[in-house]
Amino acid sequence: MIYSLELTVQQRPEVLERVLRVTRHRGFTITQMQMRMNDDASLSLDMEVDSDRAIELLSNQLNKLIDVTLCKVLLPMSLQQTASA
Amino acid sequence: MEPGQMIRGADAVIKVLAAHGVTTVFGYPGGAIMPIYDALYGSPVEHLLSRHEQGAAFAAVGYARASGKTGVCFATSGPGATNLITSLADALLDSVPLVAITGQVSTAVIGTDAFQEIDVLGMSLSCTKHSFMVTDVNDLIPTLYQAFEIAASGRPGPVLVDIPKDIQIAHLEYRTPLLAIINEPQAQMSDIDAARALLAEAKQPMLYVGGGVGMAGAVDQLREFIKVTGIPSVATLKGLGSITHGTSGYLGMLGMHGGKAANLAVQDCDLLIVVGARFDDRVTGRLASFADKAKVIHLDIDAAELGKLRMPEVAIAGDLRQILPALAMPMNITPWQAEVEHLSRKHQWDYQHPGSLIYAPALLRRLANKLPEDSVVCCDVGQHQMWVAQHMWFRRPEDHLSSAGLGTMGFGLPAAIGAQVARPDATVVTVSGDGSFMMNVQELTTIKRRKLPVKIVLVDNQKLGMVKQWQQLFFEERYSETDLSDNPDFVLLASAFDIPGRTIFSSDEVEEALTEMLAAKGPYLLHVAIDDAFNVWPLVPPGASNSDMMDEMEKQT
């Protein structure tokens, strides 16, 4: 299942490594990623991830990272398409 | 100190520790942390020199677990920091509040493969709750304050602060930072109501108690909850000590080496109330068949544990000290209590063992009964660890220090050092095996140096016993690299560190030897030679359900 995540994280040199490490270790593959720096010392990260596991297994762990201020799960891509159809 | 007075970063580190009530730090000096050791010299913060950084960090873990305070350890860059990693991982898996401070090469040479440079921040990502590298001296004090806050808040854990040498010698004005307090999750009233509704309709409820109860300081609330509800209970390895020994309906440890009554009662229950525990595979056996008739109420401070392995009917993230009293209600479960009582009587431990050889479970039971009220029992990892969990009993969770999540051999001796420093008047006993003992044996010299009265019970079967047991049961008795019959003379080894001791071989020596050990004013090593044929029973084989426990009789058929 492909999921879409929107993260807001603090600008720290290692913050991307943290997010990538947790994502890999918890059994998710990143299929797409976009990052932009905001003016308020935060970063916005949009990710698409693929896994057979429930997305909460990832989002709950990302939420635990101290530098992650927001982790929003969008509907799975397939459901989004159904919703917009 | 005058306002506006400038001090070195290294001095600020020690001042922050003192401001957090830290009286003892465990560590090992080296090049990149020398300014901090210079600041330590003559300061009111005591330093306990280990003989390996892993030992220092385990001592800090033992200190934290025996006292409930945050443990602090120091190491230098490069190998000093890499040696910490195992202990940090141990603290992460067992949710131990720890602040590890490492020296780092100067910022100007970071990334040039300088002498004793390794990317400690990178290494820390998977084995800490959080970590920092300080690159601006003005961030030093706020970072250290934040480290203490993160280590102890929510679900506790280890936090590493890597401090380059130039930051340690740079000057700054000491100012106490304003710190944002980390918000803890709050239980919702609707969830409390839902949990109470499940409790009200349960006929066969069981409490599954984990280490989170002790970490939350909720032992009293748990005991009151049990008193009011009368719900029978089991505990995990880290949960041992939370429930008073002898409490009606308490069946001891569940899981792979849990008691039969504990596992069977959980398999039979219709409501499982999980308190500060996380469905670890060593607890559940085959997850799909674990308590498969039960609805689940899961209570934990860490929301990520709720639904991670088993979807609960009601999940409540929050402070157990508030949730447990809110759920307590008298219950009418007399038939179930009687059934649990019957199971408990049917599956009591049998300490009668034929022959003159020392039966380790009986020795440990006897030791538990002899220990004074203020005692800490540490252990290493393997068969002796499971015997300690099965056959000893503890007054509080902070009286039993066992490397549960990571299962780290070499934990026991340094953890006992930390526990003895935290609780100088307590009787601290570390039970070890001949395999584990050698993994941090260098810490005997720390005991010698500080004249710490740690008592060591070394259960010796001249084997890596737990691995041997699995080879015997599941690998066709192919005993690959588990023979330790060329062990050193342990009593002679201890005597090299001025630690007296003796070896016992026969069960009729046990009582007198334990008395002698506990009466010793200083440290003591009791070397207990046991038969290598003894195994840990019962056992849930890998991949099996907890209702399918093997015991010794089945193995022989």
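Q: Which domains does the domain assignment give for chain B?
A: This is a predicted model, where local features need pLDDT of at least 70, side-chain atom pairs count only at pLDDT 80 or more, and totals for chains, interfaces and linings use all residues. Residues are numbered from 1 along each chain as its sequence is written, with chains lettered from A and ligands numbered from 1 in written order. Bounds come from an automatic or database domain assignment. For chain B they are domain 1 (6-173), domain 2 (189-346) and domain 3 (360-554).

Q: Which helix of chain B supplies the largest share of the side of domain 1 that touches domain 3?
A: In chain B, 25 residues of domain 1 are in contact with 26 residues of domain 3 (contact: C-beta atoms, placed from the backbone, within 7 Å). Strand 2 (24-27), strand 3 (46-49), helix 3 and helix 4 (79-93) of chain B each supply at least two residues of the domain 1 side. Helices (H or I, at least four residues) and strands (E, at least two) are DSSP runs, numbered from the N terminus. The largest share, 11 residues, comes from helix 3 of chain B.

Q: On the same side or on opposite sides of helix 13 of chain B do L320(B), I323(B), L324(B) and L327(B) lie?
A: These four residues of helix 13 (320-327) are buried (20 or more other C-beta atoms within 10 Å of the residue's own, placed from the backbone). An α-helix has 3.6 residues a turn, so residues three or four places apart point the same way.

Conventions: A residue is buried if 20 or more other C-beta atoms lie within 10 Å of its own, exposed if 12 or fewer, and partly exposed in between; C-beta atoms are placed from the backbone. Two residues are in contact if their C-beta atoms, placed from the backbone, lie within 7 Å.
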